[in-house]
Amino acid sequence: LKMSWFWLYLPLHLLMATSLCHSTKPATTSSQQSFKTNLFNFYHSLILADGKETTVHLLKDIPKRYYFVLEEGRVLTPFSITVTPCDVPIEWRILVYKSPPGFPGKATPGDHDTQEVSKSQKAPSTVSTIFNYKGNSVETYMGMSSHSAVYLLEFLSTERDTHITVYLTTDTTSGHLYPELPMDPRIDVIGTGHTTVTLTWKHSPSVLQHRESIQYCLLVNEKHNYKSLCAAETAIRSSGMKLPPTLALSLSPYLLEPQQVMILSNSELSIINKVSSGEVRQVCMGTKNTYTVPNLSPSTQYYFDVFIVNLLTNASAAYTGTFARTLEEPEPKVTELKDGKVIHVVLDGKKQKFYSLQYQARHKKIHFTFQLCRGQIRVHITRNGKTVASENLSGLRYLSLKGKLLDTYLVQLRSTEESNSSVKVQASPHFHKPLFPLLPESLKIKSFSKLRTCRSVTIAWLGTQEESKYCVYRKRIEEDQIWGELQSADRCSGPESRHRSEKVLCKYFYDLNLQRAVTTETIKGLEAGTFYLFDVYLFGPSGIPVRYHSKVVKTRKKC
């Protein structure tokens with residue numbers, strides 16, 4: 001049917017045949033109404049394109065219709081229709097309109113008032129429903145069509161506005177738009193851990209035939225499985241974020257929303273979406289059919305969907321989704337704190353786990369000391385199961401707690417940043433000899449800009465009312481090293497970690513008047529226009545040092 005006018009003529013032609021062949025009696029009001037309804041359905045329908053995926057937008061409770069007619073001259077033609085709901089369940093059906101055998105396409109001449117059709121042209125009803133479905137699964141109808149038939153597809157959403165995709169094809173020999181699923185499309189869970197789940201699935205036949213243009217994409221979420229890729233994307237969008245058209249095309253750079261994080265490693269693209277119902281992860285891993293999902297939360301149920309995606313056509317097919325629950329997190333190992341003993345704890349920021357220390361009181365008053373060495377740490381202390389302290393640590397922190405004999409204290413430490421953190425911890429009776437020296441009000445080092453020369457700088461720091469030893473160290477650095485040096489500084493390390501050539505001097509001082517407990521030092525023998533890192537170490541009676549905050553000073557370039 002090459003002539004464009006035929007697309008309008010054919011539905012009317014067949015509908016007239018359908019209406020007239022119902023009866024040889026004069027047209028009644030009922031038959032006229034049926035005829036008008038059929039005409040209305042067709043003239044408010046759209047032609048469904050052959051060989052192309054069509055996106056159909058549905059308004060709630062308003063049906064939408066498409067029709068198609070096959071080329072004339074082909075008596076029987078195989079065809080298939082695939083409908084993919086992208087959100088809520090929908091209702092859809094296929095109706096076929098066939099003209100009776102030998103029907104000429106017009107009424108038999110005769111009485112113009114009755115418009116009777118001869119008895120030889122009588123035929124049963126030629127309108128029939130050949131398929132109907134209600135749900136949100138991807139469904140495919142396959143059939144054989146006659147050139148004298150018109151097919152009407154009717155779609156309806158009764159829950160809310162939504163959209164679907166429809167694919168009609170009459171070319172069943174040269175391949176498929178959608179990648180093929182294996183005979184067994186299930187996803188198997190072959191391993192679960194506290195933070196990982198390992199999945200495997202059978203290869204798609206499409207991967208073996210078109211390896212370069214096919215890839216697997218995995219969707220992980222905590223809500224439920226999705227029956228199609230467009231259903232998954234619609235659900236994520238409804239959470240308030242924008243997605244690329246498909247997971248497959250997201251390999252090209254695009255602007256991520258603030259709630260999205262993209263991770264590309266070992267040729268695998270991961271996108272993590274932060275939504276109100278938890279994380280939604282998308283991972284495309286090429287043609288590998290085994291994958292271990294990392295960084296999951298313990299004791300949490302996750303849903304896993306695998307989609308086989310054609311990168312050339314942007315079409316996809318869904319494996320049967322599965323779910324698994326990660327193992328419960330084991331009870332944290334508890335380390336015992338002993339009176340006066342210092343424990344150095346290193347915390348992994350990536351795992352965000354608590355490190356637990358336990359202390360049983362042999363006195364009513366207990367003194368906890370925390371020296372933050374690196375990073376940021378939060379401490380949580382309970383006594384017999386009840387919280388008595390919870391705060392972020394900064395520098396050197398003393399906590400004095402009063403309870404009863406044999407009270408059990410549990411100290412939990414956790415890094416609050418992704419990089420590793422470390423801290424020194426001591427617990428002891430309140431009257432125990434202090435581990436750390438008496439500290440000044442501030443551990444900052446001050447430099448005097450007006451006293452800087454090309455060969456020297458002058459620095460100052462606060463002291464205490466207790467006579468203590470102070471040692472000064474210097475280190476030449478480049479400008480691009482400043483940030484790294486300040487961030488990576490271990491505030492618990494002592495002078496033993498420094499090179500001997502970096503030592504400038506050591507001195508003792510104190511002042512009973514805290515307002516005068518300040519000392520200055522001029523460091524000479526420096527190079528012009530050069531950056532130097534200065535550190536001051538304070539030693540108390542126990543010999544354990546406290547490091548002041550590092551200070552970077554640049555000598556003058558010209559004098």
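1. Six bridges join strand E22 (residues 355-360) to strand E27 (residues 408-415), and the two run antiparallel. On terms, strands (E, at least two residues) and helices (H or I, at least four) are DSSP runs numbered from the N terminus, and two strands pair if DSSP finds at least two bridges between them.

2. A word on what we are looking at: this is a predicted model, where local features need pLDDT of at least 70, side-chain atom pairs count only at pLDDT 80 or more, and totals for chains, interfaces and linings use all residues. Residues are numbered from 1 along each chain as its sequence is written, and side-chain values use heavy atoms, with hydrogens and water left out.

3. Back to the sheet. Five strands make an open sheet in the order E20-E22-E27-E24-E25, with mixed pairing. Strands E20 (334-336) and E25 (386-392) are at the edges with a single partner strand each, so one side of each has no neighbour in the sheet. Neighbouring strands here are turned by 20° against each other on average, direction ignored; the axes behind that angle are lines fitted to C-alpha atoms.

4. Now the disulfides (a pair of cysteine sulfur atoms within 2.5 Å). The count comes to five. Counting bonded cysteines along the chain, the pattern is 1-3, 2-4, 5-8, 6-10, 7-9.

5. Cys217 and Cys284 are joined with an S to S distance of 2.1 Å, and the link is right-handed, with 100° about the S-S bond. Cys217 sits in strand E12 (residues 214-221) and Cys284 in strand E15 (residues 278-284), so the bond ties parts 67 residues apart in sequence. Cys217 is buried at 0% relative accessibility and Cys284 is buried at 2%; buried means under 20% relative accessible area, exposed over 50%, and partly exposed in between (1.4 Å probe, protein chains only).

6. For Cys373 and Cys492 the sulfur atoms are 1.7 Å apart. This link is left-handed, at -85° about the S-S bond. Cys373 belongs to strand E23 (residues 365-374), while Cys492 is in the loop between helix H5 (482-488) and strand E32 (503-509), so parts 119 residues apart in sequence are tied together. Both cysteines are buried.

7. Cys454 and Cys559 have their sulfur atoms 1.9 Å apart, and the torsion about the S-S bond is about 120°, so this disulfide is right-handed. Cys454 is buried, with a relative accessible area of 10%, whereas Cys559 is exposed at 75%.

Key: Axes fitted to C-alpha atoms, helices over the stretch in contact; angles between N-to-C directions.
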